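Please open the structure in your viewer and keep the selection tool at hand.

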Amino acid sequence: MKKLSKYPILLLLYSATALLVLSYCKGEKQQPVYEDLGSVKNRIITNNSDFEKQINELKTLVSKDSDEKLLQEKFENIRKTYKKMEWAIEYFLPHSARFINGPALPEIEMDEHTEIEPEGLQVLEEMFYPYQKENKDEVTRMLNKLINKSNTIKTNFQVITISKDQVFDALRQEAFRISSLGISGFDTPISGVFLKEIPFSLEGIRETLEQISTVRSKDKALKSIIMEINAATEVLKKNTDKNTFDYISFIPDHLNKITALMLDFKNQEKIPDVEVTTALNKNADTFFSKNAFNPNAFTPGKEYAFSEQKAALGQQLFNDNMLSNNNNRSCATCHIPEKAFTDGLARSMSLENSKLARNSPSLNYAGFQHGQFWDMRKDDLEGQSSDVISNKEEMHGDLNVILDKINQDKNYQAAFKKIYHSQKTEVWQLQNVLASYIRSLAKFNSNFDEYMQGNKSAMTENQKRGFNLFIGKAQCAICHFIPLFNGTVPPTFKKTEQEILGIATNGDNKTFDNDLGRGKFHETVAALQHSFKTPTLRNIHKTAPYMHNGGYKTLKDVMNFYNKGGGKGFGFKVENQTLSDTPLQLTELEIDHIIEFMKALDDQ
C-alpha cells in the first residue's frame, strides 16, 4: 500500500558538534556523553559499502537484461543489507532515509504546494515486481540515485560524532519500528517479503548492542536479548508466508520481550535518556505498557501540557451549552460518550437542522494525531476546538463572548486561575482545557491491549484469527499502524498520514464522492486531491456509520470496499489512489474474523 506523508521532511545537517546531546537521568544531572563510538560507525560504513556494491551489481545485471527472478533476488539482498543499518540511517539521517526506503509517492512540501519525486527502494520494488525490460533506463536512473544516497551515508558517518545514549535510542526506535511498520510489511507492499527481512533488522540491533555493552550487561540483559533475537529468528525461518504467519503470538512472545529487555539493558548500562520529548515514553517497555504514550508530544508547546486538572475543567466546558451562540448546543451534542464520542449519524446536523458535509469523527484517540478534522485543516486539538465553536453551522459561538461569560462565573474563574495563575481567562486557555479533556479520552484498555500485556485469554480464537488477517492478507496495518491503529506513523509518531481511497457516496459503491478533502487547501497538488486523514480503529465498533461521509453503514460494507480494491476496484477513475487496487481475495468468513478482531479494540 502506498503512503503519503503529511509534512515536508526537513534536511537535517549534522556535524561533530551538532550531534552532541546533553542527556540527563531523572532528577539527577549527568555529564554529557561525549565519547565517539568509532567501532559502531565503522560497522555502519562497512554495511553501507556492501549496500553500494550490491546496487552496482544489480545495475550490471539490469544492463545485461538478466532474468526477472535473479533481479528480484539481488534486489531483496540489497534491502536486507539496508535493514542491518536501518536503525542508524533512520535516526541520524532521516532525510536520506525517506529517499532510500520511503513510500513510493511524492513527498509533499505543504507550504510551497509542491511535490518532490519519489525515489528509493519502494519505487524500485514497483519496477521489479514485475520487471519489464522497457523500463531499464528508469530502473538504472533510480539505482544511481540510490548510490548517491549511499555516498551521503558514507560521508556523514565519517565525520559525525555519535554517543552511546544516541545509539541506544536509535536501536530502541528500530525495535519498535519492527513491531509496527516491519511486522506489517509497510515498506514492501508489493513483494511482501518483510518477514524475510526482520531477522536482518534484528541482527543490526544485536550486533550494535554487543558493541556498546560492558560487563554490566553482557551476562544479564544482553545475553537475554540475544536469546530472544535468536528465538524470534528461528520462528521467522520456519514461516515467511505473510498470509499464514502467526502475528498474534509473535508480537507478545518475541517482539515485546525484546523491547522490554532493551530497557533492562539501558538500566544496567546506566545509559541516560536523550532529552527530547517523544510520543512513546522513555520508560515504556512495550507499545502496550500502561501509560506508554505521552500526550504532550502532540501539544503546541510546554504551556499546553496535559494535566488532570485541565481535563476535569475541560470536561465541564465540553458539556456546557454556553459554548454555543444560543446556549442550545454543547460539544457533547455531536460527540456522545456511549458512541465513542460520535453522534451515530451519517452526517452531523447543523444548528438549522440540516445535514453538514461530513460524518462526526470519534474523539477517543484524536489527541494522538497531527492534523484534526477529516481534512486535517487544523494541526492540533487546540485549533480544532475554536474552529468548531466559531463555525456558524456547528455552534456559532464567539470566543470573546464565551470568555466574558467565563470571567463572570465565579466557579469557572476560580478554576482557570488555579490552573493558569492569571487574573482573566484567555482564549488559548479555553482551547487548552477542552483539548486536554479530549486527550484524556484515550484509555488503551481494550481486550487487545490486555492480550498484548500478557493475558492470553483476553481475545477469542476468532479475534486472534482476525488480527492475523488484519496484519497479513488484508494489509490493514499498512495504513492503520499498530498500536494506535491510526495514520500516525511509528516509531517516532511525528506525522499523521492521509489516504486517497476512492470513496463512494454510499455502500453500494456506484457514485464517486467528489469531496476534495485535504486537496481543497492544496488545489495544485494532485497527490492530495480527495485525500482524508486515516482515523483510528480503536472503538470502531461503536462509531457507525463509517468513512468521512458516513455513507457506509456497517463494517461489512467497509471491508467489502477494501476487499474489492477501493474506488478503482469499483471502476472509479482515481488516478492518485493510495490504496492498492489489487483485490484482497478475502472470504466472507475471513471478513467476519477481521470484524471480530476490531471489536477487541473497544475500550473497556
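**First stop: helix α12**

Select helix α12 (residues 399-408), in which Leu399, Ile402, Leu403, Ile406 and Asn407 are buried; buried means under 20% relative accessible area, exposed over 50%, and partly exposed in between (1.4 Å probe, protein chains only). These residues cover an arc of only 135° around the axis, which puts them on the same side of α12; the arc is that of the directions from the helix axis to the C-beta atoms. An α-helix has 3.6 residues a turn, so residues three or four places apart point the same way.

The model is predicted: local features need pLDDT of at least 70, side-chain atom pairs count only at pLDDT 80 or more, and totals for chains, interfaces and linings use all residues. Residues are numbered from 1 along each chain as its sequence is written, and side-chain values use heavy atoms, with hydrogens and water left out. Helices (H or I, at least four residues) and strands (E, at least two) are DSSP runs, numbered from the N terminus.

Next, display the neighbours of α12: its buried residues pack against α10, α11, α13 (410-420) and α14 (427-439). At the N-terminal end of α12, select Asp398, which caps the helix with a side-chain oxygen 2.9 Å from the backbone nitrogen of Asn400.

**Second stop: α12 against α13**

At what angle do the axes of α12 and α13 cross? They cross at roughly 95° and come within 5 Å; axes are lines fitted to C-alpha atoms, for helices over the stretch in contact, and angles run from 0 to 180 degrees between N-to-C directions. That makes α12 roughly perpendicular to α13 (65 to 115 degrees; under 35 is roughly parallel, over 145 roughly antiparallel, and the rest oblique). Select Ile406, Asn407 and Gln408 in α12, which meet Lys410, Tyr412, Gln413 and Phe416 in α13; contact means heavy atoms within 4.5 Å.

Move to the loop between α6 (164-184) and α7 (194-212) and select Ser191. This residue is buried, with a relative accessible area of 18%. Not counting residues up to four places away in sequence, Ser191 touches Glu125 and Tyr129.

**Last stop: Lys339**

Finally, select Lys339 in the loop between α10 (308-318) and α11 (381-390). Is Lys339 buried or partly exposed? Lys339 is partly exposed, with a relative accessible area of 34%. Beyond residues up to four places away in sequence, Lys339 touches Gly344, Lys542 and Thr543.

Conventions
Polar contact = N/O pair within 3.5 Å; in protein donor to acceptor, adjacent residues only side chain to side chain.
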